[in-house]
Amino acid sequence: MFQHIEKGLKVLLPFIHSDGSAKDINSFWRYREAAKSKTLGNLINAFIESADYNTDYFVERLKEIVAERNKLVHHFGESEGLNILSTEEGCITCITYLELQYQEAISFYKDITLFLFSVLAFLRENYAESNPDIELLYKQLKAHIISSGVEYINLNNPSETTWENTKIVKLLRLAETNTDKIGDMTLLARAGKFIKSQDPECTPNKYGIKTLKGILKASGLFEITETQDREQNSMFILYKSKLPH
């Protein structure tokens, strides 16, 4: 996982570091070539220089990644209580330590992957016509981040949003089992109140759409019925999840 982080930073940094991205094209290629031989510590320092942030916690967390990598590569066998060749207890302690270290590393690896995807989305928008490989890489990385459970939201083109993974769709489905039904369908107004009670910040606007009805239509995951309420002279909307094919 530490090696994957190194590889990701070597790809990312030429696009975001001022020495590579804010000068001419030759600077980009020179920085890219130089980054190939940099260690994780140097890459992390360059990443810190590139980032726009104000929190010491962010910097400390990145430095801890470097310290953990160095401990694993250079000093792991010296760690007290981690003699993996001695006892079963030592092996269990060792496995527990490595698992904790792995969880911290994979968290940062996922962040790097999302940064890389942002760069790739930019390249796709501007250069995909002249380089078909960009479109292929974009689709592959998009599939990877979606499979890891990340919400993929395209504000400019909501039809490209992976609705199945979004929190708002999950809450709409949860509302189907947690609010009173009308027949076999759920009243959208009740679902809206339920969603607000669960997460007030989870609104259609977050997904580039004005209304919950718009979410139902854009996702293509629900059946929708609009019915006239003659007593109140208004329309009410019912929905239910489509059965999987």
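At what angle do the axes of α8 and helix α10 (residues 212-219) cross, and within what distance do they come?

## Helices α8 and α10

In this predicted model, the axes of α8 and α10 cross at roughly 105° and come within 11 Å. Because angles of 65 to 115 degrees count as roughly perpendicular, α8 is described as roughly perpendicular to α10. On the α8 side, the contact is made by Ile168, Val169 and Leu172, and on the α10 side by Leu212, Ile215, Leu216 and Ser219. By class, the residues of this contact comprise 6 nonpolar, 1 polar and no charged.

## The packing of α1 with α3 and α4

Helix α1 (residues 2-16) packs with two helices discussed here, α3 and α4. With helix α3 (residues 25-35), the angle is about 155° and the axes lie 9 Å apart. Since an angle over 145 degrees counts as roughly antiparallel, α1 is roughly antiparallel to α3. The crossing of α1 past α3 is right-handed. Lys10, Leu13, Pro14 and Phe15 of α1 make this contact with Phe28, Tyr31, Arg32 and Ala35 of α3. The contact of α1 with α3 contains 6 nonpolar residues, no polar residues and 2 charged residues.

With helix α4 (residues 40-50), α1 packs at an angle of about 40°, and the axes are 10 Å apart. The two helices α1 and α4 are therefore oblique to each other. Here α1 passes α4 in a left-handed crossing. From α1, the residues in contact are Phe2, Ile5, Glu6, Leu9, Lys10, Leu12, Leu13 and Ile16; from α4, they are Leu40, Leu43, Ile44, Ala46, Phe47 and Ser50. These residues of the contact of α1 with α4 divide into 11 nonpolar, 1 polar and 2 charged.

## The four-stranded sheet

The model contains an open sheet of 4 strands in the order β1-β2-β4-β3, with antiparallel pairing. Strands β1 (181-182) and β3 (222-229) stand at the edges, each with a single partner strand, so one side of each has no neighbour in the sheet. In general, strands of a sheet pair through backbone hydrogen bonds, either parallel or antiparallel.

Strand β3 pairs with strand β4 (residues 234-241) in the antiparallel sense over 8 bridges. Within this pairing, Thr225 has Leu238 of β4 as its bridge partner, and Glu226 has Ile237 of β4. Strands β2 and β4 also run antiparallel and are joined by 2 bridges. Leu187 has Leu238 as its bridge partner in β4.

## Salt bridges

Side chains of opposite charge can pair when their charged atoms come close. The count in this model comes to 13 salt bridges. One of them joins Arg124 to Glu160, with the closest N and O atoms 3.6 Å apart. Arg124 lies in helix α6 (residues 88-127), whereas Glu160 lies in the loop between α7 (132-147) and α8, so the pair ties together parts that are 36 residues apart in sequence.

Definitions and conventions
Residues numbered from 1 in each chain as written. Predicted model: local features only at pLDDT ≥ 70, side-chain atom pairs only at ≥ 80, totals over all residues. Heavy atoms only, no water. Axes fitted to C-alpha atoms, helices over the stretch in contact; angles between N-to-C directions. Parallel < 35°, antiparallel > 145°, perpendicular 65-115°, else oblique. Left-handed = near helix turned anticlockwise from the far one by under 90°. Contact = heavy atoms within 4.5 Å. Nonpolar A, V, L, I, M, F, W, Y, C, P; charged D, E, K, R; others polar. Pairing = 2+ DSSP bridges. Salt bridge = Lys/Arg side-chain N within 4 Å of Asp/Glu carboxyl O.
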